[in-house]
Amino acid sequence: MIANLKRVLKKYWGYDDFLPLQQEAMLSAADRRDSVVVLPTGGGKSLCYQAPAMTMDGLAVVVSPLISLMKDQVDALTECGIAAARLDSSLSQDHRDGVFQRIGNGEVKILYLSPERIIAGGFIDYLKRIGVSMIAIDEAHCVSMWGHDFRPEYRQLGRLKESLGDIPVHAYTATATDQVRGDISVQLKLKDPNVLVGSFDRPNLIYRIQRRSNKVMQVCKVLDRHKNESGIVYCITRKNVDELSATLAAKGYRAAPYHAGMDAEDRRKNQDLFITEKIDTIVATIAFGMGIDKSNVRYVIHTGMPKSLENYQQESGRAGRDGLEAECCMFYSGEDYRIWKIILGGAEDDAGKIAMSKLTGMSNFCSSAGCRHQAILNYFGQSLDKDNCNACDMCLGEIDSADKPLETAQKILSCVVRLEERFGSHYTTLVLTGSEDQRILKLGHDSLSTYGILSEHKMRTVRDWVEQLIGQGYIEKTGEYNVLHVTPRGWEVLRGKTVPRLLKPAARGKKVSRVIKDSWEGVDEGLFEVLRQLRKKIAGKKGLPAFVVFGDAALRDMARRKPTTHAQFLEIKGVGEAKNKKYGKVFVEAVRDFCGD
Ligand code: ADP
């Protein structure tokens with residue numbers, strides 16, 4: 001079976017090997033055992049059902065929540081020479097009849113459907129009659145109320161297992177929480193499912209997190225590192241989107257806005273411009289993203305802090321789906337916390353409390369001073385198996401540490417203690433820097449031994465350090481007024497047993513090291529650009545997104561190995577038999593031209 005799966009992988013997709021956990025997931029599908037497969041974005045979930053579908057008799061049915069996703073998947077499969085089709089409400093009756101006819105003739109191998117379609121009257125009986133090899137549920141977290149994209153129509157999918165009994169059902173999601181995973185099995189009524197959970201780490205994403213100082217300049221610096229490459233810039237509000245997008249366009253960047261307040265037609269137009277690479281940058285609210293599976297997004301910038309780490313993971317995760325390096329930058333400010341607090345409305349019910357605790361978690365993440373990959377993984381209950389991720393501003397040494405972190409942290413923590421753990425960050429900072437604020441004088445805090453003990457530093461610097469200690473769990477904010485409280489870990493610092501990490505704020509964002517880019521090694525960048533333009537031209541003619549023709553990884557491999565024959569072209573990672581036939585000639589010619597025959 002493994003050999004058979006590998007053969008299919010090579011023939012249709014041009015891949016030689018499995019990505020982590022793909023083999024197990026594919027075997028589960030081939031063995032007809034129900035499964036729940038949790039892999040991060042870019043983990044290769046689609047192939048987990050598409051490859052086994054090609055080794056099995058009958059039709060594989062895939063349930064997917066959005067027409068745009070179905071369309072891209074069907075286009076991508078068709079490009080690989082696989083008989084795929086979709087049935088959705090955007091198609092004409094004639095087109096739908098044609099699809100039913102092809103299914104009747106046994107000419108379709110993989111069929112994409114919406115959840116509404118599959119449970120609509122009589123369709124399940126139809127599936128029983130035609131012989132279905134498996135049912136794959138994509139974006140399966142939509143079935144759970146605990147997930148971030150709950151869709152009531154997904155709830156009905158439990159009927160599939162009830163009615164279709166022995167046909168295996170496989171659920172795929174990138175959602176990391178236990179609760180959602182359990183809920184998926186229950187709601188879909190899976191029978192003893194094989195639950196496979198991969199690592200959520202995305203080693204190809206480089207995280208850089210800085211305080212926002214000059215937003216436009218900070219964003220432009222990132223864009224300048226990614227000339228001609230695609231990326232997303234997220235803003236919290238629609239107004240921010242409009243302003244930033246106009247500023248960037250005026251500076252000559254190929255950028256366009258996207259938010260829910262825009263006219264539907266303009267929104268669709270800008271999305272298309274981005275997908276077809278006629279613009280490089282889309283400036284958007286979080287309304288942009290769901291249903292976008294563009295694989296070569298090379299950067300995602302957040303110009304404000306998202307409301308939770310789940311959101312951050314999801315939004316930043318839209319970068320680098322093709323496994324090649326991509327950059328995720330966030331520029332945050334304390335202001336963002338206050339804006340979210342207002343937006344979230346401060347409800348006192350359970351949902352309101354959960355939202356606030358997620359917001360606090362997010363804020364701690366921003367101001368923490370440890371490895372970003374590690375912090376994200378910890379949040380989702382996993383940990384990194386190495387000390388240095390080599391892919392975040394901290395581990396790359398782009399941010400200098402403050403001198404004497406232990407002594408400074410002890411000064412801050414003792415000030416919290418001397419204030420009897422009754423005040424918040426702002427007030428504590430005022431005391432530490434020796435402010436002559438009326439309140440301090442009135443309460444007599446100017447006579448504390450810690451008054452002015454950090455007065456040689458700027459207020460902003462000290463405030464950052466306080467936040468960093470909170471982010472690392474040495475101080476906790478408690479109660480309605482976010483009063484500071486020294487945690488047991490904080491007491492260890494006071495006793496000198498643990499040394500926290502504090503940053504030298506002045507050095508923030510000064511130098512950005514170029515990460516060793518394995519995926520560029522040996523790549524002729526001039527040839528890559530020529531091939532990229534060729535891909536764009538072909539995609540434009542066929543009305544397809546460029547990444548459906550070839551992914552960036554395949555283009556880089558071509559620009560590295562410079563194939564000049566069909567046989568060599570077929571060796572490129574990401575070139576299967578169908579693409580070799582369709583595009584081999586033009587790409588090989590382009591390589592020859594470039595290399596002067
Ligand atoms: P997900 O749905 O988990 O986000 P995709 O199925 O879109 O991920 O796959 C992400 C990228 O990885 C795609 O470009 C896909 O072609 C590529 N990919 C999938 N499986 C393999 C493999 N075995 N080897 C190399 N690349 C792969």
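This is a predicted model: local features need pLDDT of at least 70, side-chain atom pairs count only at pLDDT 80 or more; totals for chains, interfaces and linings use all residues.
Local features need pLDDT of at least 70 and side-chain atom pairs count only at pLDDT 80 or more, while totals for chains, interfaces and linings use all residues. Residues are numbered from 1 along each chain as its sequence is written, and side-chain values use heavy atoms, with hydrogens and water left out.

**View 1. Secondary structure and overall dimensions of the chain.** The chain has 27 helices and 15 strands (DSSP runs numbered from the N terminus: helices are H or I, at least four residues; strands are E, at least two). Its radius of gyration is 27 Å, close to the 25 Å of the globule rule for 597 residues, so the chain is as compact as a globular protein of that length (taken over C-alpha atoms; the rule is 2.2 Å times the number of residues to the power 0.38). Along the principal axes, the C-alpha atoms fill a box of roughly 90 × 65 × 45 Å.

View 2. Of the 597 residues, 54% are buried (under 20% relative accessible area, with a 1.4 Å probe and protein chains only). Among contacts with a separation of 6 or more, 73% join residues 24 or more positions apart (contact: heavy atoms within 4.5 Å).

**View 3. Ser-316 in helix 14.** Ser-316 belongs to helix 14, which covers residues 309-316. Ser-316 counts as buried because its relative accessibility is 0%. Its side chain reaches the backbone oxygen of Tyr-312 at 2.6 Å.

**View 4. Surroundings of Ser-316.** Neighbours within four places in sequence are left aside here. Ser-316 is then in contact with Leu-205, Tyr-207, Val-300, His-302 and Cys-328.

Terms used
Buried means under 20% relative accessible area, exposed over 50%, partly exposed in between (1.4 Å probe, protein chains only). A polar contact is a pair of N or O atoms within 3.5 Å; within protein, one must be able to donate a hydrogen and the other to accept it, and residues adjacent in sequence count only if both atoms are side-chain atoms.
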